[in-house]
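Please look at the sequence and the model below, and keep both in view while you read this briefing on the surroundings of two ligands.

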Amino acid sequence: MKKRDILVLLGGLIIVAILWMAPPETTKHIPKDDTHQKFYDMIKKDGPAGKKAAEKFCQDCHNPTQMPFPAEHPPKFRCTFCHKLDS
Ligand code: HEC
Ligand code: HEC
């Protein structure tokens, strides 16, 4: 085998390994309770546009003074990108 072929093969193996190791979707879902029911309604009705609209409200409650995020919380640009609906 040529050196280049080996590199291509290694590259492929690395990509497969990364996909394989990707964590399962364990991020907490948006609770399906009275507090969040209106967001379920918005998202079910308007799809992606509903998500964008809903996200404007999240930080009314989820903010450092009222309900601080866990210290290790990732950047919060799009809440519903990570926090899915509960079914
Ligand atoms: C009116 C205040 C309020 C708004 C607005 C709100 N939340 Fe919440 N959220 C809460 C409260 C209170 C809890 C904890 C109790 C519960 O489960 O409802 C909570 C819990 C959560 C949890 C789960 C935490 C856990 O421990 O399981 C997630 C995830 C979450 N909210 C995401 C969101 C997202 C995303 C939005 C915007 C679409 C949002 N919340 C909007 C008040 C709010
Ligand atoms: C890049 C992915 C990502 C984005 C975007 C994101 N989060 Fe999170 N969030 C996480 C992770 C990972 C955790 C750690 C705990 C877990 O697994 O739920 C977390 C934790 C939380 C918790 C606490 C849950 C608990 O264990 O008590 C709340 C509440 C929450 N996020 C709300 C939000 C809100 C509101 C937004 C938008 C402003 C947001 N998140 C955006 C990934 C994300």
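A residue counts as near a molecule if one of its heavy atoms lies within 4 Å of it. This is a predicted model, in which local features need pLDDT of at least 70 and side-chain atom pairs count only at pLDDT 80 or more, while totals for chains, interfaces and linings use all residues. Residues are numbered from 1 along each chain as its sequence is written, and side-chain values use heavy atoms, with hydrogens and water left out.

**Around ligand 2**

- Ligand 2 is surrounded by 16 residues, and the closest are Lys-28, His-73, Cys-79, Cys-82 and His-83.
- Polar contacts are pairs of N or O atoms within 3.5 Å; in one of them, an N or O atom in the side chain of Lys-28 is 2.7 Å from an oxygen atom of ligand 2.
- Nitrogen atoms of ligand 2 are also approached, with a polar side-chain atom of His-73 at 2.7 Å and a polar side-chain atom of His-83 at 2.8 Å.

**Around ligand 1**

- Ligand 1 also has 16 residues around it, of which Asp-33, His-36, Cys-58, Cys-61 and His-62 are the closest.
- A polar side-chain atom of Asp-33 lies 2.2 Å from an oxygen atom of ligand 1.
- For nitrogen atoms of ligand 1, the distance is 2.8 Å to an N or O atom in the side chain of His-36 and 2.7 Å to a polar side-chain atom of His-62.

Conventions. Chains are lettered from A and ligands numbered from 1 in the order in which they are written. A polar contact is a pair of N or O atoms within 3.5 Å; within protein, one must be able to donate a hydrogen and the other to accept it, and residues adjacent in sequence count only if both atoms are side-chain atoms.
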